[in-house]
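Here are my notes on this one, jotted down as numbered points. Have the model open while you read.

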Amino acid sequence: MRSCRGEPRDCLGRYAPLMPEATRDGVQAMIEGHRLGLDFDALREEAPDTIAAVIEWSEQMRRSAAASAKRPQRPQRG
């Protein structure tokens with residue numbers, strides 16, 4: 001999730017296959033909305049279910065990252 005800073009096309013090409021289809025659709029809608037000059041609130045009004053899928057996926061990724069950070073790390077063998 002934190003790797004998508006910088007070039008959006010590169011990020012989408014690399015990580016989109018890992019996202020649920022509804023999330024990919026939402027990201028595409030966000031890109032199109034940005035191209036059309038829509039702000040986030042207007043986009044949420046235009047495509048509430050699609051954008052909700054992106055928000056839910058983002059929240060799941062944040063919770064997963066937070067849970068991983070709390071787990072004790074196993075020592076590496078080497």
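**Notes on the model**

1. Starting with contacts: take those in the protein between residues at least 6 apart in sequence, and 41% of them join residues at least 24 apart. Do keep in mind that this is a predicted model.

2. On secondary structure, the protein has four helices and zero strands. Reading from the N terminus on, the order of elements is simply α-α-α-α.

3. Now the surface. The protein's accessible surface comes to about 6600 Å², and carbon and sulfur atoms account for 50% of that. As for burial, 19% of the 78 residues are buried.

4. Thr-23 is worth a click. You'll find Thr-23 in helix α2, which covers residues 21–35. Is Thr-23 buried or exposed? Its relative accessibility is 2%, so Thr-23 counts as buried, the cut-off for buried being under 20%.

5. What does Thr-23 touch, leaving aside residues up to four places away in sequence? The partners are Ala-53, Val-54 and Trp-57.

6. Asp-41 sits in helix α3, residues 40–46. With 52% relative accessibility, Asp-41 counts as exposed, because exposed here means over 50%.

7. Last one, on charge: which residues form a negative surface patch? Asp-41 from the previous point is one of them, together with Asp-39, Glu-45 and Glu-46.

Terms used:
Residues are numbered from 1 along each chain as its sequence is written. This is a predicted model: local features need pLDDT of at least 70, side-chain atom pairs count only at pLDDT 80 or more; totals for chains, interfaces and linings use all residues. Side-chain values use heavy atoms; hydrogens and water are left out. Patches are made of residues with over 30% relative accessible area and no salt bridge: like charges are joined within 9 Å, nonpolar side chains (Val, Leu, Ile, Met, Phe, Trp, Tyr) within 5 Å. Accessible areas come from the Shrake-Rupley method with a 1.4 Å probe; for residues, only the protein chains shown count as cover. A salt bridge is a side-chain nitrogen of Lys or Arg within 4 Å of a carboxyl oxygen of Asp or Glu. Lys and Arg count as positive and Asp and Glu as negative; His and the chain ends are not counted. The place of a charge is taken as NZ of Lys, CZ of Arg, CG of Asp or CD of Glu. Helices (H or I, at least four residues) and strands (E, at least two) are DSSP runs, numbered from the N terminus. Buried means under 20% relative accessible area, exposed over 50%, partly exposed in between (1.4 Å probe, protein chains only). Contact means heavy atoms within 4.5 Å.
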